[in-house]
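Colleague: I would like to go through some of the packing in this structure. Please show it first.

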2 protein chains.
Amino acid sequence: MTVTAAQGFLASGVTAGIKESGDPDLALVVNRGPSRAAAGVFTSNRVQAAPVRWSRRVLADGRVSAVVLNSGGANACTGEAGAYDARTMAERTADAVGVDADEVAVCSTGLIGVGLPMDRVVAGIATAAGALSSDGGTDAAVAIRTTDSVHKTAAVSRSGWTVGGMAKGAGMLAPGLATMLVVLTTDADASGALLDSALRSAVRTTFDRVDSDGCMSTNDTVLLLASGASGEVPEAGEFAEAVHAVCLDLARQLVADAEGASKEIEVVVVGAASERDAVVVGRSVARNNLLKCALHGEDPNWGRVLSAIGTTDAVFDPDRLDVAINGVWVCRDGAAGEPREKAVLSGRRIAVTVDLRSGDESAVIWTNDLTAEYVHENSAYSS
Amino acid sequence: MTVTAAQGFLASGVTAGIKESGDPDLALVVNRGPSRAAAGVFTSNRVQAAPVRWSRRVLADGRVSAVVLNSGGANACTGEAGAYDARTMAERTADAVGVDADEVAVCSTGLIGVGLPMDRVVAGIATAAGALSSDGGTDAAVAIRTTDSVHKTAAVSRSGWTVGGMAKGAGMLAPGLATMLVVLTTDADASGALLDSALRSAVRTTFDRVDSDGCMSTNDTVLLLASGASGEVPEAGEFAEAVHAVCLDLARQLVADAEGASKEIEVVVVGAASERDAVVVGRSVARNNLLKCALHGEDPNWGRVLSAIGTTDAVFDPDRLDVAINGVWVCRDGAAGEPREKAVLSGRRIAVTVDLRSGDESAVIWTNDLTAEYVHENSAYSS
């Protein structure tokens, strides 16, 4: 159910002492091949952490033999020293597991602007290399947690091959206070081009549509590594579907574990003139603090939904907008529809459906409510 | 100090019974002339309340003889019935004060999606017309409050003429849960063209740069009425400056009274390649929930500032960004600068300065922190 579900991968997770808590904070994932093909998607934030800059270069060649990940420090906004530290992590990992440093991706997560305790990181890499195991995937998933309340893993098997993965984070490809890191593995014998297209397609409609708090990290990374150990060459469509399924599973786990949230909100936009319009409207609704507060208070405040739609440039007629909350069409034709009392919001999951009545395209954005606990967690974090 | 500071204006504020609380909820402002020139700026939200649609048409002719305003209901997303009600408010006001209905602007604020109790509104208009007075400006300012903890007024006098005004709201030209309504008056003999240019210029750099929670109302309206009663034709530059001063004063009062806020945050962006870049960066920083939580917790978390800058398309080099918090340059060259402990955030006002080091343009955006009280107020509002 994790990065070691596919054949050909070893993983480990150890306590390097980066976190003061003594919780596990360093993980390795090693691809034993025979293939080393890989693809990656990174944050679109222009302020990018040193490990992201490093890993982008590694992925440019489409080959990854190992990934070293740490929690407890983001190594972002750390200048030249940070770049040196990210490179050192790759080099020490390469030495420890016997691969080239330019085939080692690096992922970090934690507070921005603070350097890593490199003596501990280096020692931790050696320890983690000694702990590598074909069932070490869960340990790795545990070691990359920051404010995650649970570790997140998923896997699916198809025609003789498997895709598995792990994630950390509480948000989106632009997540909350901490980064979203995802490592996916497969034993399918997939080409770099197939890995790349499957990964980009899956990310676009899963992690990219999770919008916990509208903020975007400097460290977000999603990697897909193929060992080819199954000897099976996957059919492209089936492979893309499998990667999508694992990404969707992990994305839903991120939303379910969002910091301080009490509701999981699914914003479904239908009747859009284009998929782009559907995404723009969904994101605007999902980012509306007032609506997120109202849903926290179990108030089906459709006026705030309309107000959020109205800030976009999507195709719609304000007098022909319909909105349902948990299946009750509380707004019809831009005005009050069924009685709002009929919408019951006491459960953890809330569906907000917007019908733009301007076409046939649709999109789903997942978000959370805004709570006093969110404020508390995020105002107390760096102290 | 309010809409009756300028000669030629009468105002009143009464309890019509729209609010269940029994607080004042209906106001009139009447221009006795001789001029009736006017200008208006409205929400850019495409979902616009019935009174906004009505008042836009009134202002198209550049003539306003009276403004009727109510709190206790936004008359937004109310369909044809709402349009009829807005028109009725204008007609009844016109009858009561002896002007044409197509010279009566209408402003409403309160919950979206609920119709107004028109019997009470109509009776209130008659009561308010009977209470009109040349010192009724404060009563009017009190009657337009919703969640405002104080009423907001301002005035300046220049070369023989005065500009005064009142405001309600706790946000921006895209304010918080409730709308921003502003009525400005002047006894200068200003042309419609001068009123329009002075108002647009002032709004652009005051109300438009207040961004309390990133949300945008369906009802925002800013009106400027000239009576010409002073007999003085103002010098254009001096007039624009005076309108700007009153708008800035009112805008700062909105920020100071933002719902549930404990900090007033000034985001100053300097070194921008264009004013547009400065505004885009300032708004991105001001809307970052994570930063707003951090500042609430008095944590000078400059990493979240950089993360917000990085989401924009402004001209900058990530490795040459400087950030000061309350005057302490905690980030230099995109990395840690002076010790964060030196930034003291215990006061109510916090200044975040971003130097993009890419040009000479600048902008200021005003916002607030994100607090548990904000969540509480906005999750409990419509119940």
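The questions below concern a helix pair and a sheet in a predicted model.

Colleague: How are H1(A) and H2(A) oriented to each other?
Modeller: Helix H1 (residues 50-60) of chain A packs against helix H2 (residues 79-97) of chain A at about 55°, with the axes 8 Å apart. Angles of 65 to 115 degrees would count as roughly perpendicular and those under 35 degrees as roughly parallel. H1(A) and H2(A) are therefore oblique.

Colleague: Is the crossing of H1(A) and H2(A) left-handed or right-handed, and how many nonpolar residues does the contact have?
Modeller: The crossing of H1(A) and H2(A) is right-handed. H1(A) contributes Ala50(A), Pro51(A) and Trp54(A) to the contact, while H2(A) contributes Gly82(A), Ala83(A), Ala86(A), Arg87(A) and Ala90(A). By class, the contact has 1 charged, 1 polar and 6 nonpolar residues.

Colleague: Which strands stand at the edges of the open sheet in chain B?
Modeller: The sheet has 6 strands with mixed pairing, in the order E13-E12-E11-E14-E10-E15. An edge strand has a single partner, so one side of it is left without a neighbour in the sheet. In chain B these are E13 (335-336) and E15 (361-368).

Colleague: Which residue of E12(B) stands opposite Val323(B)?
Modeller: Strands E11 (residues 322-325) and E12 (residues 328-332) of chain B run antiparallel and are joined by 2 bridges. The residue of E12(B) opposite Val323(B) is Cys331(B).

Key
Residues numbered from 1 in each chain as written. Chains lettered and ligands numbered in written order. Predicted model: local features only at pLDDT ≥ 70, side-chain atom pairs only at ≥ 80, totals over all residues. Heavy atoms only, no water. Axes fitted to C-alpha atoms, helices over the stretch in contact; angles between N-to-C directions. Helix = DSSP H or I, 4+ residues; strand = E, 2+ residues; numbered from the N terminus. Parallel < 35°, antiparallel > 145°, perpendicular 65-115°, else oblique. Left-handed = near helix turned anticlockwise from the far one by under 90°. Contact = heavy atoms within 4.5 Å. Nonpolar A, V, L, I, M, F, W, Y, C, P; charged D, E, K, R; others polar. Pairing = 2+ DSSP bridges.
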